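User: I would like to go through the terms used for this model and see what stands behind each of them.

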Amino acid sequence: MAPISLPDITAISEVNRNYITYFNRKIGHVPNLYRFMMHSNHAFNTYYTFHSRETSLSLRELEAVSLVVAQVNRSLYCLSAHTMIARLNGFSDEEIRQMRKGTAGFDPRLDALVKLVKSFAMNKGKSIAYQLDNFFSAGYTREHFIDVLQAMGENFISNLTAKTLNVPIDFPLAPELPTDENISHLPGED
């Protein structure tokens, strides 16, 4: 396969240049992942519209989902981006480490969420009954569940894109988890 390189900003379509201006103004640069998506006149707009949708999940819950999915998929680009964003949303480094492992002992409700996401991501939606029961018992609703699935799908797209295209990391590098702390099975999983 011919390598796909980071597109030069001058080669990006007019439609996508509006996003270049927006991100430069908002955060001072355009994340490399987004620039790679801009090889298509349609992909980034579709992705960003989906990313910007309304959801019943809080920003902290969305970051928890993002961290777990990126860890399961071993997407270092997305782990790095979401580690930084999680810190901006008030999570400590220890809390981020726990969520990447698929637990959140510091918050019982968030713990039910990350355990469900981990189980779902690892088991491709099978054998999640135990974690789903815990999720609903923690006060989440069917709406939350559907929004979790949507958030996982969005993250899968970014993880797959970052890994497939070997997108250069333009965020502080996320630390690797020690081997004994990597994702493993939870109670109720096969």
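User: What makes Thr141 a cap of helix 9?
Analyst: A side-chain oxygen of Thr141 lies 3.3 Å from the backbone nitrogen of Glu143, at the N-terminal end of helix 9. A polar contact is a pair of N or O atoms within 3.5 Å; within protein, one must be able to donate a hydrogen and the other to accept it, and residues adjacent in sequence count only if both atoms are side-chain atoms. Helices here are DSSP runs of H or I, at least four residues, numbered from the N terminus.

User: What kind of model is this, and how are residues numbered?
Analyst: It is a predicted model, in which local features need pLDDT of at least 70 and side-chain atom pairs count only at pLDDT 80 or more, while totals for chains, interfaces and linings use all residues. Residues are numbered from 1 along each chain as its sequence is written, and side-chain values use heavy atoms, with hydrogens and water left out.

User: How do you know that the span of helix 9 agrees with its number of residues?
Analyst: The expected span is 1.5 Å times one less than the number of residues. For the 23 residues of helix 9 (residues 142-164) that gives 33 Å, and the end C-alpha atoms are 33 Å apart, so the two agree.

User: What does the side chain of Ser13 contact?
Analyst: The side chain of Ser13 makes a polar contact with the side chain of Asn41, at 2.8 Å.

User: Why is the pair Lys115 and Asp111 called a salt bridge?
Analyst: The term requires a side-chain nitrogen of Lys or Arg within 4 Å of a carboxyl oxygen of Asp or Glu. The closest N and O atoms of Lys115 and Asp111 are 2.9 Å apart, which meets that limit. The two residues are four apart in helix 7, so about one helical turn separates them. Asp111 is buried at 15%, whereas Lys115 is partly exposed at 23%.

User: How many salt bridges does the whole structure have, and what is another one?
Analyst: The search finds six. Another is Arg87 with Asp93, at 2.6 Å, N to O. Arg87 has a relative accessible area of 39%, so it is partly exposed.

Key
Buried < 20%, exposed > 50% of the residue type's maximum accessible area, 1.4 Å probe, protein only.
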